[in-house]
Amino acid sequence: RNKMDIQLLLKGMYYAVNGICSKTYYPERPTSLDASVSDFIVVSLPSIIDNKEQDEKGGYNWYETTAQIEVYIKDIPTTANPVGLRSDVLTAKINSIKALFPIKDKVNGFKMIRPRFFPIMKDDSGFHFMIIQAKLTTLF
């Protein structure tokens, strides 16, 4: 494979995690969400895409970048939990994604390996979220 298609990489990432949450988006989070959305995922390619050329003619090109999966869970504040963090739900979603690794997509020509998990964060829009980043390389 000596060409790279960002749209195919994003679609492949989308299909790999679609169904774990009620919604999946790419390449970024929508500016507004329906009030009924309780959880969602955003997949993106947030960094440079590096050409790992193997010969002087460029005949065996393959590419490497960082894939990012963001998992958002809507906060439900209660008297006992005024912050509204539903860590059990977030943990279950993260574990579902973790179980997919290594992710190999022969149709769209990539693999994702070595996931890294960022701490839980709050988005100030009523959701807590976690980020998973992984090494993505195109298959050749």
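This is a chat about side-chain contacts in a predicted model.

Biologist: What should I know about the model before we start?
Modeller: The model is predicted, so local features need pLDDT of at least 70 and side-chain atom pairs count only at pLDDT 80 or more, while totals for chains, interfaces and linings use all residues. Residues are numbered from 1 along each chain as its sequence is written, and side-chain values use heavy atoms, with hydrogens and water left out.

Biologist: Where does T24 lie?
Modeller: T24 is in strand β1, residues 23-25. Helices (H or I, at least four residues) and strands (E, at least two) are DSSP runs, numbered from the N terminus.

Biologist: Is T24 buried or exposed?
Modeller: T24 counts as buried, at 10% relative accessibility. Buried means under 20% relative accessible area, exposed over 50%, and partly exposed in between, with a 1.4 Å probe and protein chains only.

Biologist: Which residues does T24 touch?
Modeller: Leaving out residues up to four places away in sequence, T24 touches Y14, V17, N18, G19 and I41. Contact means heavy atoms within 4.5 Å. With N18 there is also a side-chain polar contact of 3.1 Å. A polar contact is a pair of N or O atoms within 3.5 Å; within protein, one must be able to donate a hydrogen and the other to accept it, and residues adjacent in sequence count only if both atoms are side-chain atoms.

Biologist: Changing topic: how many aromatic pairs are there?
Modeller: The count comes to seven aromatic pairs. Rings of Phe, Tyr and Trp (its six-membered ring) pair if their centres lie within 6.5 Å; planes under 30 degrees apart count as stacked, over 60 as edge-to-face and the rest as tilted.

Biologist: Why is the pair of Y14 and Y15 edge-to-face?
Modeller: Their planes are at 85°, so the pair is edge-to-face, with ring centres 5.1 Å apart. Y15 counts as exposed, at 58% relative accessibility.

Biologist: What about Y72 and F129?
Modeller: That pair is stacked, because the planes are at 20°; the ring centres are 4.8 Å apart. Y72 lies in strand β4 (residues 63-74) and F129 in strand β8 (residues 127-138), so the pair ties together parts that are 57 residues apart in sequence. Both Y72 and F129 are buried.

Biologist: Which residues form the aromatic cluster?
Modeller: Y25, F40, Y72, F127 and F129 form one cluster. R29 lies over the face of Y72, at 4.8 Å from the ring centre. A charge sits over a ring if NZ of Lys or CZ of Arg is within 6 Å of the ring centre and within 35 degrees of the ring normal.

Biologist: And how many salt bridges?
Modeller: A search of the whole structure gives six. A salt bridge is a side-chain nitrogen of Lys or Arg within 4 Å of a carboxyl oxygen of Asp or Glu.

Biologist: What does K93 pair with?
Modeller: K93 forms a salt bridge with D39, with the closest N and O atoms 3.1 Å apart. K93 lies in helix α2 (residues 87-98) and D39 in strand β2 (residues 39-44), so the pair ties together parts that are 54 residues apart in sequence. K93 and D39 are buried.

Biologist: Which residues are linked in a network of salt bridges?
Modeller: The network links D50, K52, E64 and K135. K52 and D50 meet at 3.0 Å, N to O, and E64 and K135 at 3.3 Å. E64 is in strand β4 and K135 in strand β8, 71 residues apart.

Biologist: How accessible is K52?
Modeller: K52 counts as partly exposed, at 26% relative accessibility. D50 is partly exposed too, at 32%.
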